[in-house]
Amino acid sequence: YPVLVDRVSGAQMAREAIRLASANRDGEYYHSTRNNCTNNLVIVMNSVLPEEKKARMWAIPHLIYNFRATTPITVPSYLKKKGALGGAEFTIDAANLQDYLKPPPAADSHTAGAPEGA
């Protein structure tokens, strides 16, 4: 799904994602609602989204987590409703799965990396 932000916000989101990806995670644990791949993406998006498009992480602050903001199957529709995500770019299904599993074409070992015309 495309994230509906301007170029500046997209660059800020990329910087924040890199900053978080390079943080020391020693002693950190996975948590199904508070520290997982889905809600960490939502946190990165929330860092640049305007208030009306941000996902609310808590249904009741510090008591009940908002499962729409952390459960992988619910997050896209929740963020689309808020206007933060566009429609699906493509869908992988049984009909096209094999197209995505094919290895990329092999580069010609004699010319790989060589300047054009060499």
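## Accessibility, fold and salt bridges

Glu28 counts as partly exposed because its relative accessibility is 37%, where partly exposed lies between buried (under 20% relative accessible area) and exposed (over 50%), taken with a 1.4 Å probe and protein chains only. The model is predicted, so that local features need pLDDT of at least 70 and side-chain atom pairs count only at pLDDT 80 or more, while totals for chains, interfaces and linings use all residues. Residues are numbered from 1 along each chain as its sequence is written, and side-chain values use heavy atoms, with hydrogens and water left out.

**Fold and burial**

- The protein has four helices and two strands, where helices (H or I, at least four residues) and strands (E, at least two) are DSSP runs numbered from the N terminus.
- Along the sequence these elements follow the order α-α-β-β-α-α.
- Of the 118 residues in the protein, 24% are buried.
- Among contacts (heavy atoms within 4.5 Å) between residues at least 6 apart in sequence, 60% join residues that are at least 24 apart.

**Surface and nonpolar patch**

- The protein has an accessible surface of about 8900 Å², and carbon and sulfur atoms account for 59% of this surface; accessible areas come from the Shrake-Rupley method with a 1.4 Å probe, and for residues only the protein chains shown count as cover.
- Phe90, Ile92, Leu97, Tyr100 and Leu101 make a nonpolar surface patch of about 510 Å², a patch being built from residues with over 30% relative accessible area and no salt bridge, with nonpolar side chains (Val, Leu, Ile, Met, Phe, Trp, Tyr) joined within 5 Å and like charges within 9 Å.
- Leu97, one of the residues of this patch, lies in helix α4, which spans residues 97–101, and counts as partly exposed because its relative accessibility is 36%.

**Salt bridges**

- The whole structure holds four salt bridges, each defined as a side-chain nitrogen of Lys or Arg within 4 Å of a carboxyl oxygen of Asp or Glu.
- Arg25 and Glu28 form one of them, with their closest N and O atoms 3.1 Å apart, and Arg25 counts as partly exposed because its relative accessibility is 39%.
- A salt bridge also joins the side chains of Glu51 and Lys54 at 3.6 Å, N to O; Glu51 is exposed, with a relative accessible area of 62%, whereas Lys54 counts as partly exposed at 25% relative accessibility.
- Asp99 and Lys102 meet through their side chains in a salt bridge of 3.7 Å, N to O, and both residues are exposed.
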